[in-house]
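Hi,

Here's the structure I promised to pass along. Have a look first, and my notes follow below.

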Amino acid sequence: LLARLGPSYGWDALSLAGVDTVLSLIPVRGLQLERAAAFDRYRNPYARSRAWITESAVFVESRQEAVRAMVRLGALEDCLIVTGPYQSAEKLPPGPRPTARVRDLSPNELVVELPQGGGGYLFLADSHAPGWRAYAGDHELPIRIAGVAFRAVAPPRETRSVLFRYEPASFRVGLFITLTTLTTVTLAASLAGMAGRMRR
């Protein structure tokens, strides 16, 4: 990532995205220099993990309000900034904060494992985009925009894993057309075969 992103958007945004290393042609203030070379290498000690759970969230109406809230609040350790209407979440179980582990299955599918169960809001530092869907078992969870550009869901307490799958509308339309075409061709072939047997 260009070092200019830090001064422009704040190191909090890079930390929230899980960026732990920055390569730069220009000096970067606020990060630890690890190696000087053609591209200086800096380490960001504040980088967050790719997925984590919290019970605290601030809900704002628009992206502009989310950006302002991010500038005002920063990447708080235990708080999400969520764009859109308020959504309640189940209480977290007592004790230490539950952990979340990401397992990539393919470029279009990943699982976040929740060994201690769900509850609260699950943050995933992957870009939010139309077409992504989230499932806890057979139940679909609404995906919210968190931290201006990322994803969050509110898994029920009994949830042990959340599946994120990329299912864009174009894929579903293409699948429908393909199945319709195959059905039509199969039906036409069957009718042609029946007509041939009737003539004989």
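Which side chain does the side chain of Glu167 make a polar contact with at 3.1 Å? That would be Arg165. Keep in mind that this is a predicted model.

Some context on Glu167: it lies in the loop between strand 14 (161-166) and helix 4 (169-199). Its side chain also makes a polar contact with the side chain of Tyr135, at 2.9 Å. Glu167 counts as buried because its relative accessible area is 14%, under the 20% cut-off. Arg165, at 29%, is partly exposed.

The Glu167 and Arg165 pair is a salt bridge too, with the closest N and O atoms 3.1 Å apart. Salt bridges with shared partners link Glu109, Arg133, Glu140, Arg165 and Glu167 into one network. Within that group, Glu140 and Arg133 form a salt bridge at 2.8 Å between the closest N and O atoms. Glu140 is partly exposed at 36%, and Arg133 is partly exposed at 24%.

The structure has 10 salt bridges. Another one of them joins Arg41 to Glu34, again with 3.1 Å between the closest N and O atoms. Arg41 is partly exposed at 33%, as is Glu34 at 42%.

Then there's strand 9 (residues 121-124), which is covered on both faces: Tyr121 and Phe123 are buried on one side, Leu122 and Leu124 on the other. Strand 9 runs antiparallel to strand 4 (residues 51-54), joined by four bridges, and Tyr121 is the bridge partner of Thr54. Strand 9 also pairs with strand 13 (residues 150-153), antiparallel over three bridges, where Phe123 stands opposite Ala152.

Cheers

Notes. Residues numbered from 1 in each chain as written. Predicted model: local features only at pLDDT ≥ 70, side-chain atom pairs only at ≥ 80, totals over all residues. Heavy atoms only, no water. Helix = DSSP H or I, 4+ residues; strand = E, 2+ residues; numbered from the N terminus. Buried < 20%, exposed > 50% of the residue type's maximum accessible area, 1.4 Å probe, protein only. Polar contact = N/O pair within 3.5 Å; in protein donor to acceptor, adjacent residues only side chain to side chain. Pairing = 2+ DSSP bridges. Salt bridge = Lys/Arg side-chain N within 4 Å of Asp/Glu carboxyl O.
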